[in-house]
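Hello,

Here is the structure I promised to pass on to you. Have a look at it first, and then read on for what turned up.

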Amino acid sequence: MQEFNSPLEAFNHWVINTPEKIFLRQPIDRNFIEYTFAAANDEVRKIAKGLQENGIKPGDHVALLSKNCAHWVMADLAIMMAGCISVPLYPTLGAESIREILIHSDSKAVIVGKLDDFNKQKTGIPDILSIGLALYDTQLAHSWESMLNEYASIEETPAQEHGDLMTIMYTSGTTGTPKGVMHTVGAFNQLINTSIDQIKLPDHPRYFSYLPMTHIAERAGIELAAIYRGGPISFPESLATFAEDLSSVQPEMFFGVPRIWQKFQEKILEKMPQKKLDKLIGLPLLGGLIKKKIRTKLGLNSSMANFSGAAPIAVSLKEWYAKLGIEICQAYGMTEDCILSHFNLPGANKFGTVGKALPGASTKLSGEGEILIKSNCLMQGYYKEPEKTAEMYMEDGYMRTGDIGEFDHDGYLTITGRIKDQFKTDKGKYISPAPIELEFLKNNDIEQICVVGTGIPQPIALIVPSAIGRNKEKYELNDSLLMTMNLINPDLHTNEKISKIVIMKEEWSVDNGLMTPTLKVKRNRVEGNHNHMYDEWFKNNDQIVYE
């Protein structure tokens with residue numbers, strides 16, 4: 001595979017050498033609209049010209065507000081082609097947050113694509129150049145389609161130098177206010193070329209994009225990887241068609257957060273209970289056919305590399321998938337290090353760890369056990385936040401991750417907690433909740449969990465049952481959860497033992513603000529909503545308490 005020096009160089013290579021090869025596949029009304037590299041290039045260059053003709057200059061910041069779709073990718077390329085810096089926004093943001101980021105980022109324009117309810121977000125767009133797409137019914141002062149008709153293609157492709165600022169990516173905000181992480185062309189270039197070398201895939205691999213491209217893992221691992229490899233990207237039409245669309249694509253690499261892997265498992269077990277599944281896949285010959293059928297139905301029969309990231313994944317869940325012939329490799333990285341960090345890889349995959357450091361990344365532990373990382377891909381800083389930027393770096397150039405970890409003798413890293421997630425019970429001892437939560441998540445009746453305990457004698461577990469758990473009788477669910485708690489507690493230190501399980505009334509979701517767009521629990525929001533009840537729940541005589 002040829003090595004490129006920038007995203008535009010890679011894109012132009014495929015436009016010249018494989019112009020009629022499919023690049024983007026966008027489903028509309030259950031039909032895939034396909035864009036070849038040549039067709040995408042035509043739209044990218046015309047939109048870039050339109051930006052310039054409307055007063056946008058090289059170096060200006062241009063925002064992008066959209067769910068994943070073909071036009072997200074084309075808009076990103078058009079922003080680069082115009083010599084501008086992209087500012088992607090999460091498509092689930094409310095109007096107030098959109099306005100705050102657009103103003104803070106000094107965005108001079110915004111391109112708005114596919115959204116679920118743009119009418120509620122529209123008021124967040126200030127008086128800047130605003131471009132919508134009629135295809136997705138995001139009507140604004142300017143339309144993508146009219147610009148295609150009005151402007152000729154930009155002829156010159158700007159040179160992307162490694163030191164050039166390419167994007168400002170606002171974090172999803174598990175804690176605190178989102179910060180604008182600045183990354184250069186060179187950071188992404190090194191990451192993508194390294195990942196291509198490390199993750200062996202066929203030429204022009206098929207990709208399926210559904211996690212927010214605003215998040216660095218999806219943007220780098222799917223969008224930019226596809227641009228560098230010349231592979232087609234397909235998108236789901238909606239949540240309702242997700243399973244059908246994924247199954248039809250059969251991507252050759254798949255990335256999912258733990259919640260997605262849990263959901264897949266739930267759907268399989270709803271149709272085939274665990275005992276029946278175990279019996280069938282254990283049969284000679286027939287077992288292999290059944291496993292292949294399940295993988296095909298999921299859409300993962302052709303996937304040569306399956307990754308999980310963004311949050312810890314239970315070893316038991318990875319072992320469950322391994323029995324189906326699906327190897328899940330846990331990876332570790334953050335927006336600030338451009339995810340050039342630690343990866344498990346197919347064939348070099350140690351369950352319970354997040355893998356070894358990738359080439360180009362150097363890591364060590366601080367005296368407190370915090371993971372520190374150094375590479376050429378570290379962020380240039382937080383936009384307009386020099387003090388917060390300084391707090392992230394050590395004197396020797398290593399960056400703080402905020403995660404606590406340990407290395408084994410083979411160099412594999414295990415995350416044991418997060419500094420900000422640690423809490424003290426009223427006994428005054430720190431507790432890291434993540435390892436305890438992972439043990440609980442071995443129980444298929446549990447979908448979400450948050451172990452808390454600030455201000456009470458012993459920690460308690462706030463639990464959202466899974467679909468499997470919700471379908472059980474109350475006494476069955478209670479027995480299942482108590483059995484799990486009683487299995488876990490003997491292995492915990494005295495101050496860590498879980499005293500109560502509290503069943504939550506509602507699921508934690510992006511819509512109610514209790515999960516990030518990348519499906520991580522917002523611990524601070526969950527605690528903020530419930531900490532006034534901790535004492536009452538703790539004093540309840542029952543071990544299982546219903547909210």
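**Around Ser105**

Leaving aside residues up to four places away in sequence, Ser105 touches His61, Val87, Tyr170 and Tyr383. Please keep in mind that this is a predicted model. Ser105 lies in the loop between α4 and β5, and it counts as buried because its relative accessibility is 0%, where buried means under 20%. The side chain of Ser105 also has a polar contact of 2.7 Å with the side chain of Ser107.

Asp106 is in the loop between α4 (95-104) and β5 (107-112) as well. Asp106 is partly exposed, at 36% relative accessibility. Its backbone is worth a look, too: phi of Asp106 is near 60°, a positive value in a residue other than glycine. For background, most residues other than glycine have a negative phi.

**Another positive phi**

Arg30 also has a positive phi, near 70°, and is not a glycine. You will find Arg30 in the loop between β1 (22-28) and β2 (31-36). With a relative accessible area of 35%, Arg30 is partly exposed.

**A buried lysine**

Which side chain of opposite charge is nearest to Lys500? It is Asp542, at 8.4 Å. Lys500 is buried and has no salt bridge, because a salt bridge needs a side-chain nitrogen of Lys or Arg within 4 Å of a carboxyl oxygen of Asp or Glu. What the side chain of Lys500 does reach is backbone: the oxygen of Phe538 is at 3.2 Å, and the backbone oxygen of Asn540 lies 3.2 Å from a polar atom of the Lys500 side chain.

Lys500 itself lies in strand β26, residues 500-503. Not counting residues up to four places away in sequence, its contacts include Pro459, Ile460, Ala461 and Trp537. Phe538, Asn540 and Asp542 are also among the residues that Lys500 touches.

**Aromatic rings**

How many aromatic pairs are there? The count comes to 16. One of them is Phe307 with Phe343, an edge-to-face pair with 5.9 Å centre to centre and 65° between the planes. Phe307 lies in strand β13 (residues 305-308) and Phe343 in strand β15 (residues 342-343), so this pair ties together parts that are 36 residues apart in sequence. Both Phe307 and Phe343 are buried.

Elsewhere, Phe208, Tyr210, Phe242, Phe254, Trp261, Phe264, Trp320 and Tyr321 form one aromatic cluster.

Arg25 lies over the face of Phe32, 3.9 Å from the ring centre. The charged end of Lys364 sits over the ring of Tyr398, 4.4 Å from the centre of that ring.

**Asn193 in its helix**

Is Asn193 buried or exposed? Asn193 is buried, with a relative accessible area of 12%. It is found in helix α7, residues 185-198. Beyond residues up to four places away in sequence, Asn193 touches Glu3, Phe4 and Tyr228. Asn193 and Ala225 are 32 residues apart in sequence, and their C-alpha atoms are 8.6 Å apart in space.

Best wishes

Note on methods:
Residues are numbered from 1 along each chain as its sequence is written. This is a predicted model: local features need pLDDT of at least 70, side-chain atom pairs count only at pLDDT 80 or more; totals for chains, interfaces and linings use all residues. Side-chain values use heavy atoms; hydrogens and water are left out. Helices (H or I, at least four residues) and strands (E, at least two) are DSSP runs, numbered from the N terminus. Buried means under 20% relative accessible area, exposed over 50%, partly exposed in between (1.4 Å probe, protein chains only). Lys and Arg count as positive and Asp and Glu as negative; His and the chain ends are not counted. A polar contact is a pair of N or O atoms within 3.5 Å; within protein, one must be able to donate a hydrogen and the other to accept it, and residues adjacent in sequence count only if both atoms are side-chain atoms. Contact means heavy atoms within 4.5 Å. Rings of Phe, Tyr and Trp (its six-membered ring) pair if their centres lie within 6.5 Å; planes under 30 degrees apart count as stacked, over 60 as edge-to-face and the rest as tilted. A charge sits over a ring if NZ of Lys or CZ of Arg is within 6 Å of the ring centre and within 35 degrees of the ring normal.
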